[in-house]
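Reader: I am new to reading structures like this one. Could you walk me through some side-chain contacts?

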Amino acid sequence: MGLLRAVVLGLVQGITEFLPISSTAHLRIAPELFGWQDPGAAFDAIIQLGTVAAVLVFFRRDIVQMFRAWVDGLQRRDPLGTTESRLAWFVLVGTLPVVVLGFVFKHAIETSLRSLYVVASSMIVLALLLAAAERTARHSRRLDDMNWTDAWVIGVWQALALIPGSSRSGTTLTGGLWRGLRREDAARYSFLLSIPATTAAGLFELRHLRHASTPFTGVELVVAAVVAFGSGMLAIGGLLRYLRTRTTLVFVVYRLALGGLLLALLHAGRLRPDAGLDEGGPRSAVPGAAAAERARP
């Protein structure tokens, strides 16, 4: 891949993972814009470990408090006695939908759903849902007010992020707003909820490294993860500060503009929906695309 590409993709991952604009979409688009081959779902998931580390470091005090409260609640047979212990259970319960649906639809997620048509459509649809949530939400509830229903509903919203272009932070933020959470609280819970799912995805996709058709070295992978960590730390802090006083309108506009631009370029033939995807491998986005490529003079 080269260190430059590793730095660029790590920077894209770190910034877009925590903003509601879809890291998967940008990691899918960036190689095409620079004329690079798509490094694949495995590479995307692995460098997410860099952003997972950013969440762990940024929220280390919250995580320690949640874990201690969770263990203490089990020992005292009062698992929901404190806000921290409830949040720990809510994170575990909210992770179940994405785990189950991720396994069920794994093949589609790694193949046909990576089409740029899907990415562009998801960018637009989620933008409209986020705008609707902003308009109708109460923005009054705090993390202390969360209940089991909130955990399940936001967990289902997180599972929608399995569709490339939806954005995990975008779907969970939207779900939190629909449930009446304040913007900052919805974002904070979104970050905590991301830890189990993104960690599991990165570890699970490690098995694909030896079969990856795009060559990249361990050094390049480490560089991408480190850059993702640093930019992710900045993105988390920046988003939390931003949402204390501002709405998500800027992200809605950005998603609509990028989604519309992608559809226009696809319609004009400037982009191919399967552009950059591995040829002949399990991740070809469009049936017959690999054969069509090989038939080219």
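Author: Gladly, beginning with a term: a salt bridge is a side-chain nitrogen of Lys or Arg within 4 Å of a carboxyl oxygen of Asp or Glu. Side chains of opposite charge can pair when their charged atoms come close. This is a predicted model, where local features need pLDDT of at least 70, side-chain atom pairs count only at pLDDT 80 or more, and totals for chains, interfaces and linings use all residues. Residues are numbered from 1 along each chain as its sequence is written, and side-chain values use heavy atoms, with hydrogens and water left out.

Reader: How many salt bridges does a search of the whole structure find?

Author: The search finds 9. In one of them, the side chains of Asp150 and Arg179 meet at 2.6 Å, N to O. Asp150 lies in helix α8 (residues 148–159) and Arg179 in the loop between α9 (168–178) and α10, so this pair ties together parts that are 29 residues apart in sequence. Helices here are DSSP runs (H or I, at least four residues), numbered from the N terminus.

Reader: Which residue forms a salt bridge with Arg141?

Author: Asp150 again: the closest N and O atoms of Arg141 and Asp150 are 2.6 Å apart.

Reader: Are Asp150 and Arg141 buried or exposed?

Author: Buried means under 20% relative accessible area, exposed over 50%, and partly exposed in between (1.4 Å probe, protein chains only). Asp150, at 0%, counts as buried, and so does Arg141 at 11%. Arg179 is partly exposed, with 25%.

Reader: Where do Asp62 and Arg188 lie?

Author: The side chains of Asp62 and Arg188 meet in a salt bridge of 3.5 Å, N to O. Asp62 lies in helix α4 (residues 60–75) and Arg188 in helix α10 (residues 183–204), so the pair ties together parts that are 126 residues apart in sequence. Asp62 is partly exposed, at 26% relative accessibility.

Reader: And how many aromatic pairs does the search find?

Author: There are 7. Phe90 and Trp148 form one that is edge-to-face, 5.2 Å centre to centre with 80° between the planes. Phe90 lies in helix α5 (residues 83–104) and Trp148 in helix α8, so they tie together parts that are 58 residues apart in sequence. Rings of Phe, Tyr and Trp (its six-membered ring) pair if their centres lie within 6.5 Å; planes under 30 degrees apart count as stacked, over 60 as edge-to-face and the rest as tilted. Phe90 is buried at 2%, whereas Trp148 is partly exposed at 35%.

Note on methods
Helix = DSSP H or I, 4+ residues; strand = E, 2+ residues; numbered from the N terminus.
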